[in-house]
Amino acid sequence: MRLTVITLSATGAGARQVLDGAQVAAVLWVAATAEDRLEHISTRCAPGRLHLGIFTTARSEAAAEAAASGICRRALAMSPLLRDWSVRAVRTT
C-alpha cells in the first residue's frame, strides 16, 4: 500500500473555514474510480487547510500520486463543499 499526502488550501470566504473530515472523505470516495485502487482516506482539518492521507494499492509511486491527484481533482470539480479549495502540495511516501 502506498500513501500520498495532499494538502488543500482554501481561498476567499473559505480561508477561515474548517471542513468536516468525514464529509470530505465521503466526497473523495464518490470521486474515486476502481482504477484508482483506493483503500483508505485520512483527513486532518484546520482553518483554511486540509491535509489528506490517501492510501492506494498502486504499483508505483508515480501511479499512487496520479491516482490520489485524480481523486482530488475530480472531488474539487464536483463538490460544492470544496468549491473554494485547491491543491497546494502532493507528496507520495
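The model is predicted, so local features require pLDDT of at least 70 and side-chain atom pairs count only at pLDDT 80 or more, whereas totals for chains, interfaces and linings use all residues. Residues are numbered from 1 along each chain as its sequence is written, and side-chain values use heavy atoms, with hydrogens and water left out. Helices (H or I, at least four residues) and strands (E, at least two) are DSSP runs, numbered from the N terminus.

**Helix α2**

- Helix α2 spans residues 61–78 and has 18 residues.
- From its first C-alpha to its last, α2 reaches 26 Å, close to the 26 Å expected at 1.5 Å a residue; the expected span is 1.5 Å times one less than the number of residues.
- The buried residues of α2 are Ala64, Ala67, Ala68, Ser69, Gly70, Ile71, Cys72, Ala75 and Leu76. Buried means under 20% relative accessible area, exposed over 50%, and partly exposed in between, with a 1.4 Å probe and protein chains only.
- An α-helix has 3.6 residues a turn, so residues three or four places apart point the same way.
- The buried residues of α2 pack against β1, α1 (21–31), β2 (38–46), β3 (49–56) and β4 (85–92). Contact here means heavy atoms within 4.5 Å.

**Packing of α1 with α2**

- Helices α1 and α2 pack at an angle of about 110 degrees, and their axes are 8 Å apart. Axes are lines fitted to C-alpha atoms, for helices over the stretch in contact, and angles run from 0 to 180 degrees between N-to-C directions.
- This angle makes α1 roughly perpendicular to α2. Angles of 65 to 115 degrees count as roughly perpendicular, under 35 as roughly parallel, over 145 as roughly antiparallel and the rest as oblique.
- Helix α1 contributes Val27, Leu28, Val30 and Ala31 to the contact, and α2 contributes Ile71, Cys72, Arg74, Ala75 and Met78.
- By class, the contact of α1 with α2 has 8 nonpolar, no polar and 1 charged residues. Ala, Val, Leu, Ile, Met, Phe, Trp, Tyr, Cys and Pro count as nonpolar, Asp, Glu, Lys and Arg as charged, and the others, Gly among them, as polar.

**Individual residues of α2**

- Ile71 lies in helix α2 and is buried, with a relative accessible area of 0%.
- Not counting residues up to four places away in sequence, Ile71 touches Leu28, Ala31, Ala32, Asp36, Leu38 and Ile54. Ile71 and Ala32 are 39 residues apart in sequence, yet 5.2 Å apart in space, C-alpha to C-alpha.
- Cys72, also in α2, counts as buried at 1% relative accessibility.
- Beyond its neighbours within four places in sequence, Cys72 is in contact with Ile6, Leu28, Leu52, Ile54 and Val87. The C-alpha atoms of Cys72 and Ala25, 47 residues apart along the chain, are separated by 10 Å.
- Ala63 is placed in α2 and is partly exposed, with a relative accessible area of 34%. Its C-alpha atom is separated by 9.8 Å from that of Thr92, 29 residues apart along the chain.

**Strand residues**

- Thr7 lies in strand β1 (residues 2–10) and counts as buried at 12% relative accessibility.
- A polar contact of 3.2 Å joins the side chains of Thr7 and His51. A polar contact is a pair of N or O atoms within 3.5 Å; within protein, one must be able to donate a hydrogen and the other to accept it, and residues adjacent in sequence count only if both atoms are side-chain atoms.
- Leaving aside neighbours within four places in sequence, the contacts of Thr7 are Arg49, Leu50, His51, Ser86, Val87, Arg88 and Ala89.
- Cys45 is in strand β2 and counts as partly exposed at 27% relative accessibility.
- With neighbours within four places in sequence left aside, Cys45 is in contact with Val18, Leu19, Asp20, Gly21 and Leu50. Cys45 and Leu19 are 26 residues apart in sequence and 6.2 Å apart in space, C-alpha to C-alpha.

**Loop between α1 and β2**

- Arg37 lies in the loop between α1 and β2 and is partly exposed, with a relative accessible area of 32%.
- Although Arg37 is not a glycine, it has a positive phi of about 55 degrees.
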